[in-house]
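Here is a short report on charged and aromatic contacts. Please look at the sequence and the structure before reading on.

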Amino acid sequence: MTALVRTAGAAAGEDLRRIVRINEEVKAVVAVAFRINLMALNAIFLAKRAGINARGFGVLSNELRVFSQDLRTQMQALNAHIHGCVRDVSVVLQDIRNTRLLRAAVAAVPARQLDQLVGRRERANAEHQQHLASLRRQLQRALEDAFQLVELGGVLAKSAKIEAAYGQGFAGALTQVSGEFDGVVEEIRSSLQALQRSDFFKNNN
């Protein structure tokens, strides 16, 4: 039983490290979303300078700006799930420590009341584990939603590349900007794919 408790404690500790890594990656995505917003503003001004031939590019740049704002909102939702997971993993770790101490006390001084206390503690542990599993699923779904949003951003960026060709004298500058959009969105896409593969979601039923 003690070996099982140690194993559970090690697993919970590893979960905490994994969720902290996920949080760091989400912060990086938020920073990139800010970059897209600034790039989109610059692209909108550039499209205005290019005139009527870049009207489509301007519309797509504005949509990319909206996308960046939606992405930041989605990342805020992810942050809420992450903080919930950190809280629950910390609770599970505390549960494991407390249960280990109670079991040691029961082993040293057998007493019916202590046995009952350990039973209540173990039931509470199971409830906390179930709640954490629910939070994992919520975080996983939120990541999937964010990934779908980024797929849309990729379509917008590729469409902007096509529209850039109609910018006549500004075509070169517009093409460069649209290429930067495409690269940044792909960077976010890769980050989210890596998060979805995190071991934090293994055996999450």
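How many salt bridges does the count come to by the rule used here? The rule asks for a side-chain nitrogen of Lys or Arg within 4 Å of a carboxyl oxygen of Asp or Glu. By this rule the count is 15 salt bridges.

The model is predicted: local features need pLDDT of at least 70, side-chain atom pairs count only at pLDDT 80 or more, and totals for chains, interfaces and linings use all residues. Residues are numbered from 1 along each chain as its sequence is written, and side-chain values use heavy atoms, with hydrogens and water left out.

**Salt bridges**

Side chains of opposite charge can pair when their charged atoms come close.

| Pair | Distance, N to O |
|---|---|
| R17 and E14 | 2.9 Å |
| R136 and D15 | 2.5 Å |
| R189 and E186 | 3.7 Å |

Helices are DSSP runs of H or I with at least four residues, and they are numbered from the N terminus. R17 and E14 both belong to helix 1, residues 2-50. Three residues separate them, about one turn of the helix. R17 is partly exposed at 45%. E14 is partly exposed as well, at 25%.

Where do R136 and D15 lie in the chain? R136 is in helix 3 and D15 is in helix 1, 121 residues apart, so the pair links distant parts of the chain. R136 is buried, with a relative accessible area of 11%. D15 is buried too, at 9%.

R189 and E186 are three residues apart in helix 4, so about one helical turn separates them. R189 is partly exposed at 24%. E186 is partly exposed at 36%. Elsewhere, salt bridges that share partners join E14, D15, R17, R18, R21, R136, D199 and K202 into one network.

**Aromatic rings**

How many aromatic pairs does a search of the whole structure find? It finds one. F200 and F201 form this pair, which is edge-to-face, with 5.6 Å centre to centre and 75 degrees between the planes. Rings of Phe, Tyr and Trp (its six-membered ring) pair if their centres lie within 6.5 Å; planes under 30 degrees apart count as stacked, over 60 as edge-to-face and the rest as tilted. Both F200 and F201 are buried.

Charges also sit over rings. This requires NZ of Lys or CZ of Arg within 6 Å of the ring centre and within 35 degrees of the ring normal. The charged end of R136 sits over the ring of F200, 4.4 Å from its centre. The charged end of R72 sits over the ring of F34, also 4.4 Å from its centre.

Helix 4 has 26 residues. The expected span of a helix is 1.5 Å times one less than its number of residues, so helix 4 should span 38 Å. Its end C-alpha atoms are 37 Å apart, which agrees. Its buried residues include A171, L174, V177, F181 and I188.

Q168 lies in the loop between helix 3 (112-164) and helix 4 (171-196). Q168 has a positive phi of about 50 degrees, although it is not a glycine. Is Q168 buried or exposed? Q168 is exposed, with a relative accessible area of 58%.

Methods:
Helix = DSSP H or I, 4+ residues; strand = E, 2+ residues; numbered from the N terminus. Buried < 20%, exposed > 50% of the residue type's maximum accessible area, 1.4 Å probe, protein only.
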